[in-house]
Amino acid sequence: MAGIEKITNEIAADAEKEAAEIVAAAEASAKNEFAAAEAKCRDISNEAKGKTEKDVAIYAERIQSQCQQEAKMAKLKAKQEMIADVISEAYGQVLNMEDGQYFATLLRLLERNVEKNSKGELLLNEKDLKRKPADFDAKASEIAKAAGGELTVSSDAVKIDGGFILRYGMIEYNNSITEIFEENKEKMQDIISQKLW
């Protein structure tokens, strides 16, 4: 979705500060897990001293490989948890934007998703219906007119977290915040990963 780039960039910028703390915690966790794996390796190596030198060498190599694999898995798990935490935090930030910024973001999303030469309606959740700016309906209508269409903001609430649903006849386009994050999850993971590592 073209409009998501700006949002994901803003999210990534906001998340960078928090990411530093998350990275430090994850690195500490990974070090602890690696230290535990090394201690386990030492214990196993000590038990193996009674075996022949050849058996010990083969066994030690296998254990070392296992320890390295466990350390890699621990690091990967920590990175995945970090990325999920950043995305979750960003999701919350979008939903809790100041009203003016939030509805300006919705209008930008509408510009990128409005159907050309079509008549439809825009549906919000109950919370957004109550807090929308007085000029929101008129601005949404202007966006549709610029695309050669017609759009009204429905007074009926839909059960979404935020964002909106566009309804054209029997066809609905889900532009909820959950759907936007889900559609762009991999892209956001890549952006966050690039910022952190």
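Helix 2 buries Ile 63, Cys 67, Ala 74, Ala 78, Met 82, Ile 83, Val 86, Ile 87, Ala 90, Val 94 and Leu 95, where buried denotes under 20% relative accessible area, exposed over 50% and partly exposed the range in between (1.4 Å probe, protein chains only). The structure is a predicted model, in which local features need pLDDT of at least 70, side-chain atom pairs count only at pLDDT 80 or more, and totals for chains, interfaces and linings use all residues. Residues are numbered from 1 along each chain as its sequence is written, and side-chain values use heavy atoms, with hydrogens and water left out.

The protein comprises 7 helices and 4 strands, assigned as DSSP runs (helices, H or I, at least four residues; strands, E, at least two) and numbered from the N terminus. Along the sequence these elements follow the pattern α-α-α-β-α-α-β-β-β-α-α. Of the 197 residues in the protein, 36% are buried. Contacts are defined by heavy atoms within 4.5 Å; among those between residues at least 6 apart in sequence, 78% join residues at least 24 apart.

Helix 2 spans residues 53-95 and contains 43 residues. At 1.5 Å a residue its span should be 63 Å, and its end C-alpha atoms are 63 Å apart, in agreement with that value; the expected span is 1.5 Å times one less than the number of residues in the helix.

The 4 strands form an open sheet of mixed pairing in the order 2-1-3-4, with pairing taken to require at least two DSSP bridges between two strands. Strand 2 and strand 4 (171-176) are the edge strands, each pairing on one side only. Neighbouring strands of this sheet are turned by 20° against each other on average, direction ignored. Axes are lines fitted to C-alpha atoms, for helices over the stretch in contact, and angles run from 0 to 180 degrees between N-to-C directions.

Strand 1 (residues 119-123) runs parallel to strand 2 (residues 150-153), to which it is joined by 4 bridges; in this pair, Glu 121 stands opposite Thr 152. Strand 1 is also joined to strand 3 (residues 163-168), by 3 bridges in an antiparallel arrangement, with Leu 123 opposite Ile 165. Ile 165 in turn stands opposite Asn 174 in strand 4. Strand 3 and strand 4 are antiparallel and share 6 bridges. Their hairpin has 2 residues between the strands, and Gly 169 takes a positive phi near 65° there. Ser 176 lies in strand 4 and is buried, at a relative accessible area of 4%. Apart from neighbours within four places in sequence, Ser 176 contacts Ile 160, Asp 161, Gly 162, Gly 163 and Phe 164.

Helix 5 lies across strand 1 and strand 2, running at about 160° to strand 2. The buried residues of helix 5 (residues 136-146) are Phe 136, Ala 140, Ser 141, Ile 143 and Ala 144. Viewed down the helix axis, these residues fall within an arc of 155° and so line one face of helix 5, the arc being that of the directions from the axis to the C-beta atoms. They pack against helix 3 (99-113), strand 1 and strand 2. The face turned away from the buried side carries the exposed residues Glu 142, Lys 145 and Ala 146. Gly 148, which follows helix 5, has a positive phi near 80°.

The largest nonpolar core contains 34 residues, of which Leu 106, Leu 110, Leu 122, Leu 124, Phe 136, Leu 151 and Phe 164 touch the most other members. Such a core is a set of buried Ala, Val, Leu, Ile, Met, Phe, Trp, Tyr and Cys residues joined through side-chain atoms within 4.5 Å. Two or more residues each are given to this core by helix 2, helix 3, helix 5, strand 2, strand 3, helix 6 (177-183) and helix 7 (185-196). Helix 2 supplies the largest share, 7 residues. Not counting residues up to four places away in sequence, Leu 122 touches Leu 110, Phe 136, Leu 151, Thr 152, Val 153, Ser 154, Phe 164, Ile 165 and Leu 166.

Lys 185 is found in helix 7 and is partly exposed, at 37% relative accessibility. Lys 185 and Ile 87 are separated by 98 residues in sequence, whereas their C-alpha atoms are 8.3 Å apart in space.
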